[in-house]
Amino acid sequence: MKEISEINEIPNSTNTYSRIRPISKRWKSVTKHSHPNQMKAFVDTKISQYELVLGKVKELYHNSGEICYERDFKHDNENPFTIYSFLTSTFWWNIECDFVYNINIEYQFYNCPFEQEIRELFRHFNISLYVTEVRKEPSLTAFYKAVLAYQKPQFIYFL
């Protein structure tokens with residue numbers, strides 16, 4: 001019988017392990033063959049609706065002098081879940097595809113001068129049922145300052 005207090009030596013291995021394959025972009029993994037019930041069309045539609053509303057939001061903010069952060073994650077090799085993100089000091093708008101392929105669109109307002117117009121855009125583009133208002137902790141203002149301090153300058157510009 002082996003003593004519990006004995007220290008087992010870990011054998012040295014000469015095997016090398018290849019890098020773990022990173023997670024692919026979640027929404028790109030959805031295909032007509034892998035996901036039934038028109039899931040591919042649903043994902044593509046939600047992304048298109050997000051981009052249409054984003055274009056209208058940028059028109060509202062045009063010439064406001066607001067500093068914004070905007071990043072398209074669709075074709076980079078970084079975040080496998082986030083699709084697109086847009087942030088100003090008064091409005092945050094984000095779309096992502098979670099691990100089980102659900103499209104999540106989140107937003108937050110903070111004294112936004114265009115809040116009513118943006119809410120109307122949600123209704124006009126039929127995404128009211130798919131958007132979720134969230135609260136950034138501790139606040140949207142703190143989140144905004146942290147993003148501007150952390151993110152690369154090519155994603156930050158004046159509207």
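**Close-up 1. The salt bridge of R135 and E133.** R135 counts as exposed, at 54% relative accessibility, where exposed means over 50% relative accessible area, buried under 20% and partly exposed in between (1.4 Å probe, protein chains only). Its partner in a salt bridge is E133, with 3.6 Å from N to O. A salt bridge is a side-chain nitrogen of Lys or Arg within 4 Å of a carboxyl oxygen of Asp or Glu. E133 counts as partly exposed at 33% relative accessibility. A network of salt bridges links E115, R119, E133 and R135, and the structure holds 9 salt bridges.

The model is predicted, so local features need pLDDT of at least 70 and side-chain atom pairs count only at pLDDT 80 or more, whereas totals for chains, interfaces and linings use all residues. Residues are numbered from 1 along each chain as its sequence is written, and side-chain values use heavy atoms, with hydrogens and water left out.

Close-up 2. Side chains of opposite charge can pair when their charged atoms come close. In helix α1 (residues 39–61), K40 and D44 lie 4 residues apart, about one turn of the helix, and their side chains meet in a salt bridge of 3.5 Å, N to O. K40 is partly exposed, with a relative accessible area of 28%, and D44 is partly exposed at 34%. Helices (H or I, at least four residues) and strands (E, at least two) are DSSP runs, numbered from the N terminus. In helix α2, E120 and R123 are 3 residues apart, about one turn of the helix; the salt bridge between their side chains is 3.0 Å, N to O. E120 is partly exposed at 42% relative accessibility, as is R123 with a relative accessible area of 45%.

**Close-up 3. The two sides of helix α3.** L140, Y144 and V147 are the buried residues of helix α3 (residues 140–150). Seen down the axis of α3, these buried residues fall within an arc of 65°, so they line one face of the helix; the arc is that of the directions from the helix axis to the C-beta atoms. What covers them includes β1 (67–72), β2 (82–87), β3 (91–97), β4 (103–109) and β6 (156–158). On the other side of α3, K145, A149 and Y150 are exposed.

**Close-up 4. The loop residue Y130.** Y130 is found in the loop between α2 (115–124) and β5 (131–133). At 34% relative accessibility, Y130 counts as partly exposed.

Conventions. Contact means heavy atoms within 4.5 Å.
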